[in-house]
Amino acid sequence: MMRAVLLMSVAVLALSGCDGEGNPDPQQRGPNPELSEPRRGLLPDMTIPRPTTWGDDRPSVPQGYTIQAIATDLRIPRQTLILPNGDILVTEGTGGQGAPRLNPKAFIAGVIKGWGKTSVPGGNRLTLLRDADGDGTYESRGIFAENLNGPYGLALVNGSLYVANQDALVRFDYREGQTEASGPPVHVADLPSAINHHWTKAMTASADGRFLYVGIGSNSNITERGMEAEVGRAMVWQIDPQTGAHRPYATGLRNPTALTIQPGTGQLWAVVNERDEIGPDLVPDYLTSVREGGFYGWPYSYWGQNVDTRVRPQDPEKVATAIRPDYSLGAHVAALGVAFSNPAMGDAFADGIFVGEHGSWNREQPTGYRVVFVPFRDGRPSGTPVDFVSGFLNGEGQARGRPVGVSVDPRGALIVADDLSNTVWRITANQPQPAAASLSSGGENLQIR
């Protein structure tokens, strides 16, 4: 049986092409994407670019900007947080390895996805990077905390550093300039971790610091494990950091992989990875504002009220309430990072959101593998995404890196975690930019009091 499955996976790869960095059809991106008809087959299209090294190359950035690696040889960097003194915290690790495969198709998909990952073991730790003299070179690096469990989301609120592990929200005391944790983490709240098909726990804090928001992905593509496995999942939790009490803030979000707060409005935004196996151009992963009490469709419908006929039982009443997302990023780009920009990033990139796109595995022509900038106007997405960091796929269709979390340093730098080359990249404008108004801008939720 195992040999037959492996042979089938090889056959799938033989039928798949990979000829460089692909982009979704522009008509599939933006507030009103053109949705194709669902297409199902024995196996979905599967192509994973094989890893290679950067050598002397580095990612491409717009003219007038410079990119440099500020940390290398990490152990699967995921998300980053800019601290008040300019230090950078990096979560390193992985999780969800215990999720069982449901069928041979899922086994094949797991094998193929594994070919596109780093061979380095996850660090399960927080690493701190410091640029003491402000010259852009982070000459100091150390372990802030270790022995964590799949750490992913980070937030700093009123002297406490919160870490969303794959199974629990924990807290460290923090004082400015601290280089390592002063003690073990304090448990705040359990997070769903049984099976953990989607294990990452994205996190951000409300603008006033009263609440934490944690994104919890589904345990399946479309409830193949039954609805009992989805209790508390496919939603954003609102958590009181003082007591650990929580409630669903918004539901029907299949896998909310990164969260941020819009400066000036306090509005919660998310990037969400949608469902698979109904064609290479369905369903669009998306960027959206998240409404309190809102339902976004999963599993019964997608992109608003487009019914997914695979789901049993159907729920027309729920579908009738499904909210259409704000902005399509294209199908299967696997958005894993989101951060609002600020004027220090330069006039062309002053108003909008940066999105880290980890890259597809389940379409013939790869998409994603880049960081895009979504321009905003009057507080809403407006216009076509612009490639801000690209070149993660080389001309032979091999992957040199895969972007995950993105953070904006208010002093004028985009920080990008790359979990394939195990690098943290820093992108800056070549000319000095106007100083940002405060360290609480840029979606980093730094409550300085």
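Predicted model: local features only at pLDDT ≥ 70, side-chain atom pairs only at ≥ 80, totals over all residues.
1. Residues are numbered from 1 along each chain as its sequence is written, and side-chain values use heavy atoms, with hydrogens and water left out.

2. There are 13 salt bridges in the structure (a side-chain nitrogen of Lys or Arg within 4 Å of a carboxyl oxygen of Asp or Glu). One group, Glu274, Arg275, Asp308 and Arg310, is joined up as a salt-bridge network.

3. Have a look at aspartate 87 and arginine 130, whose closest N and O atoms are 2.6 Å apart. (Strands are DSSP runs of E, at least two residues, and helices runs of H or I, at least four, numbered from the N terminus.) Both residues are buried, taking buried as under 20% relative accessible area, exposed as over 50% and partly exposed as in between (1.4 Å probe, protein chains only).

4. Glutamate 292 pairs with arginine 247 at 2.4 Å between the closest N and O atoms. Here glutamate 292 is exposed at 52%, while arginine 247 is partly exposed at 33%.

5. Arginine 380 and aspartate 326 form a salt bridge at 2.2 Å, N to O. The pair links strand β23 to the loop between α3 and β19, 54 residues apart. Arginine 380 is partly exposed at 36%, whereas aspartate 326 is buried at 17%.
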